[in-house]
Amino acid sequence: MPRLRRLLPLTPALLLTGCTVDLLDPRGPVGLENRNVILIELGVMLCIVIPVIIMTLVFAWKYRESNSSAEYLPNWDHSTKIEFFVWGVPAVVIVILGAIAIWTSYTLDPYRPLHSAEAAGRKPLNVEVVALDWKWLFIYPDQGIATVNQLAVPVDTPINFRITSDSVMTSFFIPRLGSQIYAMAGMQTQLHLLASAPGDYRGEAAHYSGRGFSDMKFRTLAMTDDDFNQWVDKVKASPETLDAADYPQVAAPQEAAPVRYFAHVEPNLFDGIVAKYNNGTVIDKSTGQVLHMQSAMSDMQMKE
């Protein structure tokens, strides 16, 4: 029994045996690049951290008080070699990390469409994302459907996200696919991802947004083309529809919201959500054209 008691502090570790770090186990080209950047930068920084730890231990041992054979220089005050090493090595590390940051900011730009080998010749899937309190609304404009707290995508297909919020600012993040990006009311941003393997991946809000934040999660179902088409048919079989009149009820604050399917969604509903914060206008960032969404905005504001 005394031996078992000594092992009790280790029991919490047993609860972690089934855990994985999603960022280090990517399932897409963007997530893979994110992981590589993390590991490369970690390796560069360890080039300083590990030698410093070793030198600290070596110097503490070599120049301990009881070591009478160690060199004693009470009047020492400067060494050009040490100054060069102390300032030169960090400067080199900063240059390396800066170069990595500049390059990856360009290659992993969320507005940049994917051109990977997996995505070659594949038509992108368009998904419009709306952050609500405390749930996620996914609109598939090409399929004319929508879901709450469930995102389905076909594997090896580029996913073009348009993202906004109809509440406070939050952050959209699928760790295994990569690149979190903020969602803000009255603004829309873009994100391009791709799932390279079938699976059930965790998605979440990565920015605190109120008391229901801890349950603001969704599942990303990456599946084959046939399975995705069957999933679309299942959503279209739902009795629920979503238009400007129904939207305020769907957008009402709700904690631990269940998955919901909408067989039909009103066209341009996403643009109407953005427009109601901008006097009924939306700017198409790809063309610079001003889009007027006054009718959709008015319907939603009157209902609210």
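This is a predicted model: local features need pLDDT of at least 70, side-chain atom pairs count only at pLDDT 80 or more; totals for chains, interfaces and linings use all residues.
The protein contains eight helices and 15 strands. Of its 304 residues, 39% are buried. Among contacts between residues at least 6 apart in sequence, 68% join residues at least 24 apart.

An unreviewed UniProt entry places the feature "transmembrane region" at residues 39-63 and 84-106. In the model, residues 39-63 are 96% helix and 0% strand, with the end C-alpha atoms 35 Å apart. Residues 84-106 are 100% helix and 0% strand, and their end C-alpha atoms lie 33 Å apart. Two arginines sit over aromatic rings: R64 lies over the face of W61, at 3.9 Å from the ring centre, and R112 lies over the face of Y106, at 4.3 Å from the ring centre.

The count of aromatic pairs comes to twelve. In one of them, the ring centres of Y208 and F213 are 5.5 Å apart and the planes meet at 65 degrees; because an angle over 60 degrees counts as edge-to-face, the pair is assigned to that class. Y208 is exposed, with a relative accessible area of 57%, whereas F213 is partly exposed, at 25%.

W231 and Y261 also form an edge-to-face pair, with 6.1 Å from centre to centre and 85 degrees between the planes. This pair links distant parts of the chain, as W231 belongs to helix 5 (residues 225-236) and Y261 to strand 12 (residues 260-262), 30 residues apart. W231 is buried at 4% relative accessibility; Y261, at 16%, also counts as buried because the cut-off is under 20%. Elsewhere, W136, F138, F161, F172 and F218 form one aromatic cluster.

Note on methods
Residues are numbered from 1 along each chain as its sequence is written. Side-chain values use heavy atoms; hydrogens and water are left out. Helices (H or I, at least four residues) and strands (E, at least two) are DSSP runs, numbered from the N terminus. Buried means under 20% relative accessible area, exposed over 50%, partly exposed in between (1.4 Å probe, protein chains only). Contact means heavy atoms within 4.5 Å. UniProt positions are given in the numbering used here, feature names are shortened, and annotations may be inferred rather than shown by experiment. Rings of Phe, Tyr and Trp (its six-membered ring) pair if their centres lie within 6.5 Å; planes under 30 degrees apart count as stacked, over 60 as edge-to-face and the rest as tilted. A charge sits over a ring if NZ of Lys or CZ of Arg is within 6 Å of the ring centre and within 35 degrees of the ring normal.
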